[in-house]
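Hi there,

Here is the structure I promised to pass on. Have a look at it first, and then read my notes below.

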Amino acid sequence: MAIFGDLVHLPFIDLTRVLAHQTGILFLRTAFAGRSVELHLDCTELRGLYLDGFPINESSRMQDVLHGLTTSATGTFEFQPTELTSLTPHLKLTLSELLDPYGETAVPEAQLPHADTRFRSAELPPTAPAHLTASWQQIRPRLEAGASPADVAHQLQLSELQGRELFSRLRTAGLIVPVRGNMPAKPTGRTVEPDVQLAGSIPDRATAPEAGPVRRLLNALRRFTAVAGRA
Amino acid sequence: MSPLKLVVSGPVGAGKTTFVQTLSETAVVATEAEATEDIGKALTTVAFDFGTLNLDGQELHIYGTPGQDRFNFMWDVLCDGALGLVMLVAGDRPQDFMHARNILEYITSRFPIPFVVGVTRQDLDRVWKPADIAAFFGLPLSQVVGLNAINPADGANLLIRLLERLPLSPHNGAPPRVGSTSSPL
């Protein structure tokens, strides 16, 4: 397993969402004014915060560091999964709540959603953070059928860039999700399982029931992968 | 039997051209040109890669899109009428993940197109795993597959995962674009 990169490409808040189901230590080499930071994470909980190897316990100092990480333009990171039991964690705080105040952090234009990508309200949106409450009340009704940053920017007389920035913040806050045009995911295999045949047991094409094009492709691919697996 | 159309997309360097070459039974038609900016390689796809696969008499046309945003009009052109989308992202290039997610969401919010995400370069030691990419994209793990783009069996497994998401009706129609009637192909 390897989770690594640079905050210039993967903002800290997005990174913490990736790590929301993992336990271990996030090492950030130079992300806080050139200093190293360690976050000991137990899924969504922050269990320890270290600056240059020294634990940070004071709330205001902790907020300083987290603010620095969310606004840092650069800084490599690497996550190492590990049990925290032997690492004397000294905190028990919900990381997402600590980061809520920093949702206004500017995101580079290249990382913003495309102006024409359509979003809708999340199924169970959380309470909007204070800095987004007014915008959220204004935009939410417009998202029922899905709307893009360009649509909303036009309606609210914002620039397209402002619309994209706003959608980026709403997304980071978990209030909106992209519209997926495709059907909901089916449990893979379940629907087609009765027709699954391993190589060697595929009926002769002449005697096989008439199959749709997708089933034909599936059967052929499964034969191929079964043969490749034996090779 | 009408050929079916598969689109392979993703950022520059994700392995799209390699993936099409790996799956195609015919020589791949590639529209590569010298890169005019630093994208980490000399040549890049500017229109599309095209390969074909014939399985049990069913022809599959495979189109690889350009990876650069400046050619993003080709995403619309190629996805119109496609059976499905394979979004590739190189697991050792976290600098491309946000771009890949933006491409995927741009396409799938506009086309009702089934898709899977393929995380390439799984043969490397230092590489993001499919589960972590799934968390980043906000997708179920069943929709994200690790692969080595030069391995035909990996390519076939990825296609299986995609096809399993499709209804198995005799006629798998091409999905219309949301809010548009244009059909350039």
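Which hand does the crossing of α7(A) and α5(B) have? The crossing is left-handed (left-handed if the near helix is turned anticlockwise from the far one by less than a right angle, right-handed if clockwise).

Before the rest, a word on conventions. This is a predicted model, in which local features need pLDDT of at least 70 and side-chain atom pairs count only at pLDDT 80 or more, while totals for chains, interfaces and linings use all residues. Residues are numbered from 1 along each chain as its sequence is written, and chains are lettered from A and ligands numbered from 1 in the order in which they are written.

**Between the chains**

Axes here are lines fitted to C-alpha atoms, for helices over the stretch in contact, and angles run from 0 to 180 degrees between N-to-C directions. Helices (H or I, at least four residues) and strands (E, at least two) are DSSP runs, numbered from the N terminus. On the α7(A) side the contact includes L217(A), L221(A) and F224(A), and on the α5(B) side it includes A156(B), I160(B) and L163(B); a contact means that C-beta atoms, placed from the backbone, lie within 7 Å. By class, this helix pair brings together 12 nonpolar residues, 2 polar and 1 charged (Ala, Val, Leu, Ile, Met, Phe, Trp, Tyr, Cys and Pro are nonpolar, Asp, Glu, Lys and Arg charged, and the others, Gly among them, polar).

For the interface as a whole, 49 residues of chain B are in contact with 45 residues of chain A. On the chain B side, β4 (58-64), α3 (97-108), α4 (130-137) and α5 (152-163) each give two or more residues, and α5(B) gives the most, with 8.

One of those elements, α4(B), is mostly covered, with 6 of its 8 residues buried (buried means 20 or more other C-beta atoms within 10 Å of its own, exposed 12 or fewer, and partly exposed in between, with C-beta atoms placed from the backbone). Among the buried ones are I133(B), F136(B) and F137(B). They pack against β1 (3-6) and α1 (12-18) of chain A, as well as β5 (84-90), α3, β6 (115-120) and β7 (144-146) of chain B. After α4(B) comes G138(B), with a positive phi near 70°.

**Within chain A**

Chain A has 7 helices and 9 strands, and 34% of its 231 residues are buried. It is divided into domain 1 (3-102), domain 2 (109-178) and domain 3 (193-230), with bounds from an automatic or database domain assignment. The C-alpha centres of domains 1 and 2 lie 27 Å apart.

Helices α5 (149-156) and α6 (160-172) of chain A pack at about 120°, with axes 8 Å apart. That makes the pair oblique (under 35 degrees is roughly parallel, over 145 roughly antiparallel, 65 to 115 roughly perpendicular, and the rest oblique). Their crossing is right-handed, and the residues that meet include V152(A) in α5(A) and F167(A) in α6(A).

Finally, L41(A) sits in strand β3 (35-42) of chain A. Why does L41(A) count as buried? Because 24 other C-beta atoms lie within 10 Å. Leaving aside residues up to four places away in sequence, L41(A) touches several residues, including L19(A), L26(A) and L46(A).

Best wishes

Conventions
Two residues are in contact if their C-beta atoms, placed from the backbone, lie within 7 Å.
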